[in-house]
Amino acid sequence: MQLDGKVAIVTGAASGLGRASCIALAKAGARIAAFDRDEARLADVCRELGGDALGRVVDVANEESVSTAIDAVVAAFGAVHIAVNCAGVADASKTVSKGQPFPLATWSKVIGINLTGTFNIIRFAAVAMTRNAPEGVSGERGVIINTASGAASQGQVGQAAYSASKAGVIGLTLPVARDLAEHGIRVVSIAPGLFDTGMVSGMPPKVSQSIVDRMILYPNRMGQPDEFAGLVRHIAENAYLNATTISLDAGARMQAR
Ligand SMILES: NC(=O)c1ccc[n+]([C@@H]2O[C@H](COP(=O)([O-])OP(=O)(O)OC[C@H]3O[C@@H](n4cnc5c(N)ncnc54)[C@H](O)[C@@H]3O)[C@@H](O)[C@H]2O)c1
């Protein structure tokens, strides 16, 4: 898809991978609808983007919040061509900790945001995309990009809910791509390794350093958000990428802890 003048929704836009995706897509000429639940940081990102970027406080886990926000994007920009799902949380707990079971509220929160939230954006954005005129030789109407994680298949101690949510994102990629193929809409997920964002700065430094030292193959460092955003841009532009999950992890193989 040619990005110039296209409309891109990015969730988790106020920080990390979402923020970098907004910047990369805006540089390619896309108009950005930035969704996040963090109002203050979202305002900072919209100021940084300048132009006609639309910032919207959205809770991706909430159906009404998502549907009204996507209606607002269509009202403001006339269409939705690209949806990038980056909103996510990584709350962790052991399955049994100090004699207590994994808190169900934590499980529901992580699944609600990472998995149900991703699907909320997918289904409402896809409805808007079906109304686009087909473009180019492929007749493309839209592209949806999700953020999974290496933890989907290599979750560490404490990551039961997070890993399950990200395995769910990988699992839905093919069937949703199959559902939307007849509309000319592609679906691709990215499984990042360890990236230098707010999510990781919340970890104890010795945990993230140990991952870098022992589990990342090469290069021996965290990924930078603009390396993720570069892949987002490429997926959006390359019409032949569909129904797959791409690892972006410097060959990382996660261990238990
Ligand atoms: N950073 C990593 O190493 C890494 C690795 C693998 C996967 N990921 C995934 O990448 C995505 C982006 O993470 P990040 O590293 O940029 O983290 P981050 O914490 O920097 O950004 C996440 C953003 O999501 C927003 N958010 C959280 N819940 C929300 C909700 N209910 N509705 C709307 N917005 C919400 C937060 O406010 C925040 O701005 C997440 O899905 C995360 O699981 C990150």
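1. Gly78 comes directly after helix H3 and has a positive phi, near 90 degrees; helices here are DSSP runs of H or I with at least four residues, strands are runs of E with at least two, and both are numbered from the N terminus. The model is a predicted one, in which local features need pLDDT of at least 70, side-chain atom pairs count only at pLDDT 80 or more, and totals for chains, interfaces and linings use all residues. Residue numbers start from 1 along each chain as its sequence is written.

2. Helix H3 itself takes in residues 63–77, and its 15 residues reach 21 Å from the first C-alpha to the last, close to the 21 Å expected at 1.5 Å a residue, where the expected span is 1.5 Å times one less than the number of residues.

3. Which residues of H3 are buried? They are Val66, Ala69, Ile70 and Val73, a residue being buried if 20 or more other C-beta atoms (placed from the backbone) lie within 10 Å of its own, exposed if 12 or fewer do, and partly exposed in between. These residues lie on the same side of H3 because they cover an arc of only 100 degrees around the axis, the arc being that of the directions from the helix axis to the C-beta atoms. An α-helix has 3.6 residues a turn, so residues three or four places apart point the same way.

4. The cover over the buried residues of H3 includes strands S1 (7–11), S2 (31–36) and S3 (54–57) together with helix H4 (104–130), whereas the face turned away from the buried side carries the exposed residues Glu64, Asp71 and Ala75.

5. Lys98, which is not a glycine, has a positive phi of about 50 degrees and lies in the loop between strand S5 (96–97) and strand S6 (100–101); Lys98 counts as exposed, with 5 C-beta neighbours inside 10 Å.

6. Ala243 likewise has a positive phi, of about 60 degrees, although it is not a glycine. Ala243 is found in the loop between H9 and strand S9 (244–248), and is partly exposed, with 16 other C-beta atoms within 10 Å.

7. A cis peptide bond joins Tyr218 and Pro219, with omega about -5 degrees, and Pro219 lies in the loop between helix H8 (205–215) and helix H9 (225–237).

Key:
Two residues are in contact if their C-beta atoms, placed from the backbone, lie within 7 Å.
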